[in-house]
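Good morning, everyone, and thank you for making the time. Please have a look at the model on the screen while I talk you through a few of its features.

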Amino acid sequence: MKDFIFNVSTKILFGKDQMKNLAKEIKNYGSRVLLSYGGGSIKRSGLYDQIIKIFEENNIFYKELSGIEPNPRVESAREGVKILKENNLDFILAVGGGSVIDLSKLVSGAVFLDCDPWDIVIRKAKIEKALPIGTILTIAATGSEMDAGGVITNPETKQKLAFGSPYTLPKFSILNPEITYTVNAKHTAAGIADIMSHTMENYFTLKDGAYMQNRLAEGILKTCIHYGPIAMAEPENYEARANIMWASSWAINGLLSTGKSTPWSVHPMEHELSAFYDITHGIGLAILTPRFLNYILNEDTVDMIRDFGVNVFGVKPSDDKFNDAKKAIAKIHEFFEQDMNIPMTLGEVGIDDKKLEEMAEAAARHAGGSIKGVVELKKDDILEIYKASL
C-alpha cells in the first residue's frame, strides 16, 4: 500500500430534521449568499420555499443562479461569477445534485481570478482560494457533496472535463434522504450506476495491497445492489434512500483510493458521450462498464474481475477463472439492465457510429494521449469499446 494523507473536512448533517441547522451553518462563513440550483424541482417539492423562509427569518441576503444544466455548462459559471461580483456575495449554497454542486465549485474559485472560468478547467489558471460552499443534496449520485472536484462541459469545444481544488471542498452538506423521494426512476437508476462506477474506478486496480479499501468498495457496491431495486420499487423507502445517499458520499471522497494508484478508465470514455450527445452521465457509465471489463479481461486482470464477481455478486468460484470473470461481467450487465431498467446500448440513447472515432480520439487526447487506467487504453482500444457498446 502506498503512502497517503486522508483528510475530508466536510461536515455532514444527515437525516430528516437537519434544515433547522442551515442558517447557523451558513453564518459560520457569511451572510450574503448565492443560491444555486437547477430546474424547477426544488420549487415543486417545496424545498425552495423552505430555504427562502430560513433566509428571511435569519436576515440572510441572497441572489439566485438558477437553471444549471444536468451536464453543467461553463456559461452558467460565467453568469455565477458575474452575480457574485455584482452583489458582493460571500457564500454559495448549492441545492441539487452533482451538476449544481460542481458548477458552484468552479464559480467559487473563479470569482477570485481574472480569467474565464474555462481556463481553470483546462488548467491555464489555478484556484488559489475560493468562497465557502454549503450543499443541500437532492439526488444521490456524484458524491460532489463530500469531495473537492467537479466536471464541466463546454458545448462550443465539445469538451467535458474534470477539475479540482482542495479549496472547493464543501464546508458542510445537508443530506436528507426524504428529499430524494421525488427523484424519478430513470435518475435514481442513473445515480446508482454513477455511485457504482465511482466505486469500481477505485476498486479495479492491480497488486496494490489495499485489501481493506477493496473490501470497503465491495460493501458500497453490495449496498447499491441491495437497495437499488428497493428504491426503484418503493421510492419513499427511507432505509433504501438513506443507504444509497450515504454510499454516494463515500464512493468518491478519497477513502477508497487511499494507498492506491487509481487513474480512471470508464469516466473519461463516458465524458465524450456526454460532451457530444448530452446524455445522462450515469446511463453512459452503465452502458460502457461491462464492455470495458470484457475488453480488458486477460491473464493480468482475470483474478481482479473474478474476485469482483465472487465477492460482490456471489458468483460461485470454479476451476475456470476466466469463465467466472465472464459471469461477473454478465452479472453487472444484468443488474443495470434488468434491475435498474437502464438502456444498455448506445443506440438506445441516440448514439450511432458516426462520431465514435472522433470521440475515441478526443478521449485519448484529453487523457494525455491514452487513458492510463488499470489497463492503458489508446484511441483504437477506446474505439473498440465504443463499437462493442452499440
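Let me begin with Gln50, which is partly exposed because its relative accessible area is 37%, where buried means under 20%, exposed means over 50% and partly exposed is in between, with a 1.4 Å probe and protein chains only. This is a predicted model, in which local features need pLDDT of at least 70 and side-chain atom pairs count only at pLDDT 80 or more, while totals for chains, interfaces and linings use all residues. Residues are numbered from 1 along each chain as its sequence is written, and side-chain values use heavy atoms, with hydrogens and water left out.

Gln50 sits in helix H3, residues 47-57, and from its C-alpha to that of Arg123 the separation is 38 Å in space and 73 residues in sequence.

Turning to the whole protein chain, we find 15 helices and ten strands, which are DSSP runs numbered from the N terminus (helices being H or I of at least four residues, strands E of at least two). Of its 390 residues, 57% count as buried, and the C-alpha trace spans about 70 × 45 × 45 Å along its principal axes.

Finally, where does Glu348 lie? Glu348 is in the loop between helix H13 (321-339) and helix H14 (356-366), and it counts as exposed because its relative accessibility is 52%.
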